[in-house]
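Here is a short report on strand pairing and helix packing. Look at the structure first, then read on.

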Amino acid sequence: MSKLSLSSPIVSADWLRENLNASNLLIFDASMVKVTAKNENVSSEVQLPNTQFFNLKGRFSDLSSDFPNTIPSASQFQEEARKLGVNSDSAIVVYDDKGIYSSARVWWLFKTFGHANSAVLDGGLPAWIEQNYPTEPKGNNSKPKGDFKAVFNPDRVTYFKDLDVLSQSEKHTIIDARSAERFRCEVPEPREGLRSGTIPNSKNLPFERCLVEGKLKPKEELVRLFNSVTPKNNTLVFSCGSGLTACILDLAAEVADFKQTKVYDGSWTEYGTLKP
């Protein structure tokens, strides 16, 4: 079968089923527990065929950081991706067990480290199971070490030191993916000891508003959502609690043809901790 080249940041379950045997396809399960979840059920015991687990917290975050989910170095990302068999020509499809949640972070990481041939499975594992497509018990499915080379793109990331300037810039819009209640400081932050608050001049677009039943809304609806909070030509800076769901907004923005986007990696956990 010919090698896959992914033209969209999302793929459907039907598309993936048709291309499941492509020679350069790698499938990653990036499922993780939601920080806002209470007594969440254990993740599914099945996976898509030939899947590998993508350990966001344990392998693809900077564990020396004081904050969760911090972007790793290029060398760490490259080494860990190679261990999963990622090659320079790999076509990567990532999913999670909630529809679209942590999978968007993996897509963003690959794009940030120079691998554009990657996509999120729209609807994730639930959409796959709903179609009665084949699954297997969770396992390793290890691959030969890959030759992927990470090339970090600094234009994809925003840091704490940038926020004072960006929050005053008319050419940038900071968009917060947290719930409206958290954004308005009506409920406490889920992380113990973290104060409530918002980045000055930021707008609120809860990531759930971009989704319906775990799938991205149609492009036209996403365009309307983003147009409701930002001028079309602004650079969009996405934030959330810890840099995870901000990547869902980044994914939705790409589908909606907003190309100038960044993710504030530390998000409110860092800002609310470091800002007096």
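## Strand S9 and its partners

In this predicted model, strand S9 and strand S10 (residues 203-204) are joined by 2 bridges and run parallel. Within this pairing, Ile175 stands opposite Lys203 of S10. S9 also pairs with strand S13 (residues 235-239), again in the parallel sense, over 5 bridges. Here Ile175 has Phe238 as its bridge partner in S13. The table sets out the two pairings.

| S10 | 203-204 | parallel | 2 | Lys203 |

## Helices H3 and H8

Now turn to a helix pair. Two packed helices are described by the angle between their axes and by the distance between the axes. Helix H3 covers residues 103-112, and helix H8 covers residues 246-255. Their axes come within 8 Å and cross at roughly 70°. H3 is therefore roughly perpendicular to H8. The crossing of the two helices is left-handed.

Which residues make the contact? H3 supplies Ala104, Arg105, Trp107, Trp108 and Lys111. H8 supplies Cys247, Ile248, Asp250, Leu251 and Glu254. By class, the contact of H3 with H8 has 6 nonpolar residues, 4 charged residues and no polar ones.

Technical notes: Residues numbered from 1 in each chain as written. Predicted model: local features only at pLDDT ≥ 70, side-chain atom pairs only at ≥ 80, totals over all residues. Heavy atoms only, no water. Pairing = 2+ DSSP bridges. Helix = DSSP H or I, 4+ residues; strand = E, 2+ residues; numbered from the N terminus. Axes fitted to C-alpha atoms, helices over the stretch in contact; angles between N-to-C directions. Parallel < 35°, antiparallel > 145°, perpendicular 65-115°, else oblique. Left-handed = near helix turned anticlockwise from the far one by under 90°. Contact = heavy atoms within 4.5 Å. Nonpolar A, V, L, I, M, F, W, Y, C, P; charged D, E, K, R; others polar.
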